[in-house]
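This briefing covers the strand pairing, domain arrangement, pockets and cavities of one protein model. The sequence and structure are shown first, and the points that follow are grouped by topic.

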Amino acid sequence: MEVDGKQVEDERELEDGKLTGPGFRVSPGDGPVRDQVVTILKHALLSGRFEPGQRLTEKSLCEWTGASRPALREGLRQLEAEGLIVIAPNRGPSVASLDQETARQVYDVRTELEAYLARLAAQSAGPAEVAQMRAALIRLSDTAERGDILGIVAAKITWNEVLFSLSRNTELNDVIRQLNTRLRLIWPRMEMDQDNARSVVADVTAITDAIANRDQDAAEAAMRAFNQRSMRVMLAFLAPRT
């Protein structure tokens, strides 16, 4: 199997010990090895450690994680089911990539589902849930001011989880989570300027205020506006460079 330059770099980093450490190795007693492999590789994928489309070798991943090949392969199949990697016959696994058209389709679906999610949240939100959303919003604002894209993503995930708890619809929540996971492969590579970061905060604030006021129409409209803005930023980033 051909090995590209990035894989050679990974092999060298493995030899130098740069990819080792407690956070990257499976550990006896910490649960099934397959689950640990999924956690380790998902963290690496969603934090931008690997490039979209990059081929992965089982040898380097086994050395990196300390997992056996059977456990690694089970974990890779789970990551493939979640849309994070692609396993091609006679080629092996590679990091999933996202083009403009696929991103547009993901956002089209996510927009409709999250609009419905916002309506459900506005129906059932109480003072405790609103307080949790506003706490996450403070974190979001702080990270946005620093231009910390991974911090923004983490704060937004916390905020999302409050909405998920309000929907009382696990199927809806799981589908939205999976769509967001596809998009999170790209987010760490995006540069967010101050205007875009503040727009995210403004949009999420508008959604939160509408939910706090139990205004279903306003919550849906604000969620749609947020998704449309997010899609424009993503599509601009994915546009072919000339």
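In which sense do strand 1 and strand 2 pair, and over how many bridges? In this predicted model, strand 1 (residues 85-88) and strand 2 (residues 92-95) run in the antiparallel sense and are joined over four bridges. The chain is assigned two domains, domain 1 (14-95) and domain 2 (100-238), and residues of both contribute to the lining of the largest pocket and of the second largest pocket.

**Hairpin**

- Three residues separate strand 1 from strand 2, and the two strands form a hairpin.
- Within the turn, Asn90 adopts a positive phi of about 65°.
- Val86 has Ser94 of strand 2 standing opposite.

**Domains and annotation**

- Between the C-alpha centres of domain 1 and domain 2 the distance is 28 Å. Their contact involves 13 residues from domain 1 and nine residues from domain 2.
- An unreviewed UniProt entry places the feature "domain: HTH gntR-type" at residues 31-98.
- Residues 31-98 are 51% helix and 12% strand, and the end C-alpha atoms of this span are 32 Å apart.

**Largest pocket**

- The volume of the largest pocket is about 210 Å³.
- Its lining consists of Lys42, Leu46, Glu82, Ile157, Asn160, Glu161, Phe164, Arg177, Gln178, Asn180, Thr181 and Arg184. Helix 2 (33-46), helix 7 (149-167) and helix 8 (170-184) are the elements that give two or more residues to this lining.
- Helix 8 makes the greatest contribution to the lining of the largest pocket, at five residues.
- Sorted by class, the lining of the largest pocket comprises five charged, four polar and three nonpolar residues.
- Domain 1 and domain 2 each provide at least three residues of the lining of the largest pocket.

**Second largest pocket**

- The second largest pocket holds about 180 Å³ of space.
- Lys42, His43, Leu46, Ser47, Leu150, Val153, Ala154, Ile157, Arg184, Trp187 and Pro188 line the second largest pocket.
- At least two residues of this lining come from each of helix 2 and helix 7, and helix 7 has the largest share, with four residues.
- Seven residues of the lining of the second largest pocket are nonpolar, two are polar and two are charged.
- As for the domains, at least three residues of the lining of the second largest pocket come from each of domain 1 and domain 2.
- Lys42, Leu46, Ile157 and Arg184 are listed in the linings of both the largest pocket and the second largest pocket.

**Cavities**

- The model contains two cavities of 30 Å³ or more.
- Helix 5 (100-124), helix 7, helix 9 (194-212) and helix 10 (216-238) are the elements that give two or more residues to the lining of the largest cavity.
- Helix 7 supplies the largest share of the lining of the largest cavity, with six residues.
- The lining of the largest cavity is made up of twelve nonpolar, five polar and three charged residues.

How values were computed. Residues are numbered from 1 along each chain as its sequence is written. This is a predicted model: local features need pLDDT of at least 70, side-chain atom pairs count only at pLDDT 80 or more; totals for chains, interfaces and linings use all residues. Side-chain values use heavy atoms; hydrogens and water are left out. Two strands pair if DSSP finds at least two bridges between them. On a 1 Å grid over the protein atoms alone, a cavity is a set of points where a 1.4 Å probe fits but cannot get out, and a pocket is an open set with protein on both sides within 12 Å along at least five of seven lines; lining residues have an atom within 4 Å of a point. Grid points are joined across faces, edges and corners, and a volume is the space filled by probe spheres set on the points. Ala, Val, Leu, Ile, Met, Phe, Trp, Tyr, Cys and Pro count as nonpolar, Asp, Glu, Lys and Arg as charged, and the others, Gly among them, as polar. Domain bounds come from an automatic or database domain assignment. UniProt positions are given in the numbering used here, feature names are shortened, and annotations may be inferred rather than shown by experiment. Contact means heavy atoms within 4.5 Å.
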